Amino acid sequence: FYKRVSVERHRGWGKPMLKSDVEEFGRMMLPMALQGLYSKSTSASLQSCTALRFLGMLDAPSALPPLLDQVYQALATLTEVHQTTSAMQALAAVWFPMVQAGNFDAGAAHLPSLMTLTLDGIDANDLHKTWTTLRLYTVLLSGLPLIPITDDAPPGGDAERHDVIRQVTDTFADWAFKFLDQAFAFIVNQNYPHAEEEHAKSDIEGRTSEMMFHCTLEVLFMQLGDKLFDRALRKVANFCFTNLLTHQTEHLGILLTCLCRVDPEAAVRMFLPTCLRILLVSPNLSPSPRRWVKTPSSAAHR
């Protein structure tokens, strides 16, 4: 159904379907999509997310407000963890139709609150929820530069919408550094069991979270403006050099790799002198053996 409507809208083939027919189709499908969202069946939940994404592209003003109401309720709950993860999966599915210009006018106004509410999803005690949250942020940041808008609305543009977007972008800097604080807390509180105590499932979840951290942090640093990136670089350096992180070498490596991928010269200037000074003061330091961390970049190199 979506393919047919999309072809009619964008290519002008055939007789266009009436808007009322599209809205009626959305009204029939939306209750079923919402009902399956919190199913304990993973496949049913993913199918609901797919349906909600297409409904959001077909008729966002009708499909997205009921979904957002459920999402806000799920993010506020403290007991139904599976509802929280399902809500964030749904957000990742509908993020593009929600913020697309001309598709859902109220979408931009929801960004600050949703971005803040989902920060608690980064939890060292729940790797699956952490993976879901990081996936959501990777999708979000892939199309959202974290750069404040300071210019006035262009001539002939929608001044009211421009003001809303400018107010939204003013919150990006605070959110970016709150995200880094949450990431640092995750790294510090991460559990590192002995090798004989590790189970295959927890090991796979840990590796998955590490890979998602790599993806999310790299996209985050890429989307920061020059001034915000410099602040983020100093914040990461302060975290690395003021905390005793003997068992967190994998995550520290991910942090530095992502910084170097975006601006290697700035990262080297920030970290290399201090690292050399530490090594010269303590020449007998030797790192403890740790397992190899498979990040997207390291996997490609291998």
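Thr130 is found in helix H6, residues 127-142. Helices here (H or I, at least four residues) and strands (E, at least two) are DSSP runs, numbered from the N terminus. Show the surroundings of Thr130: not counting residues up to four places away in sequence, Thr130 touches Gly121, Ile122, Asp123, Phe186 and Phe213. A contact means heavy atoms within 4.5 Å.

Before moving on, note that this is a predicted model, in which local features need pLDDT of at least 70, side-chain atom pairs count only at pLDDT 80 or more, and totals for chains, interfaces and linings use all residues. Residues are numbered from 1 along each chain as its sequence is written, and side-chain values use heavy atoms, with hydrogens and water left out.

**The whole chain**

Zoom out and colour by pLDDT, the predictor's confidence in each residue, from 0 to 100. The protein chain averages a pLDDT of 82, and 85% of the residues score at least 70. Two stretches to select are residues 194-198 and residues 288-296. Over residues 194-198 pLDDT stays under 50, and the model has two contacts for them beyond four places in sequence. Over residues 288-296 pLDDT also stays under 50, but here the model has 25 contacts beyond four places in sequence.

Switch to a cartoon view. The protein chain has 13 helices and zero strands. Of its 302 residues, 40% count as buried. Among contacts with a separation of 6 or more, 72% are between residues 24 or more positions apart. The protein chain exposes about 17,000 Å², with carbon and sulfur atoms supplying 57% of it; accessible areas come from the Shrake-Rupley method with a 1.4 Å probe, and for residues only the protein chains shown count as cover.

**The core**

Which residues touch the most other members of the largest nonpolar core? Select Trp175, Phe179, Leu217, Leu220 and Phe221; the core has 76 residues. A nonpolar core is a set of buried Ala, Val, Leu, Ile, Met, Phe, Trp, Tyr and Cys residues joined through side-chain atoms within 4.5 Å. Now centre on Phe179. Leaving aside neighbours within four places in sequence, Phe179 is in contact with Leu119, Ile122, Leu134, Tyr137, Thr216, Leu217 and Leu220.

**Salt bridges**

Side chains of opposite charge can pair when their charged atoms come close. A salt bridge is counted when a side-chain nitrogen of Lys or Arg is within 4 Å of a carboxyl oxygen of Asp or Glu, and the count comes to six. Three of these pairs follow.

- Glu24 and Arg27: the closest N and O atoms are 2.9 Å apart. These two residues are separated by about one helical turn, because they are three residues apart in helix H2, residues 19-37. Glu24 is partly exposed at 37% relative accessible area, and Arg27 is partly exposed at 47%.
- Asp181 and Lys235: the closest N and O atoms of this salt bridge are 2.9 Å apart. Asp181 lies in helix H8 (residues 172-189) and Lys235 in helix H10 (residues 226-241), so the pair ties together parts that are 54 residues apart in sequence. Asp181 counts as partly exposed at 39% relative accessibility, as does Lys235 with a relative accessible area of 25%.
- Asp230 and Arg234: their side chains meet in a salt bridge at 3.2 Å, N to O. Both residues lie in helix H10, four residues apart, about one turn of the helix. Asp230 is partly exposed, with a relative accessible area of 34%.

**Two loops**

Select Asp152 in the loop between H6 and helix H7 (159-169). Is Asp152 buried or exposed? At 61% relative accessibility, Asp152 counts as exposed. Asp152 touches His162 and Arg166, not counting residues up to four places away in sequence. For a distance check, take Asp163: eleven residues from Asp152 in sequence, with the C-alpha atoms 8.1 Å apart.

Next select Gln100, in the loop between helix H4 (81-99) and helix H5 (107-117). Gln100 counts as partly exposed at 32% relative accessibility. The C-alpha atoms of Gln100 and Met57 are separated by 9.3 Å, and the two residues are 43 apart along the chain.

Finish on helix H12 (residues 264-281), where Val268 has its place. Val268 counts as partly exposed at 41% relative accessibility.

Notes:
Buried means under 20% relative accessible area, exposed over 50%, partly exposed in between (1.4 Å probe, protein chains only).
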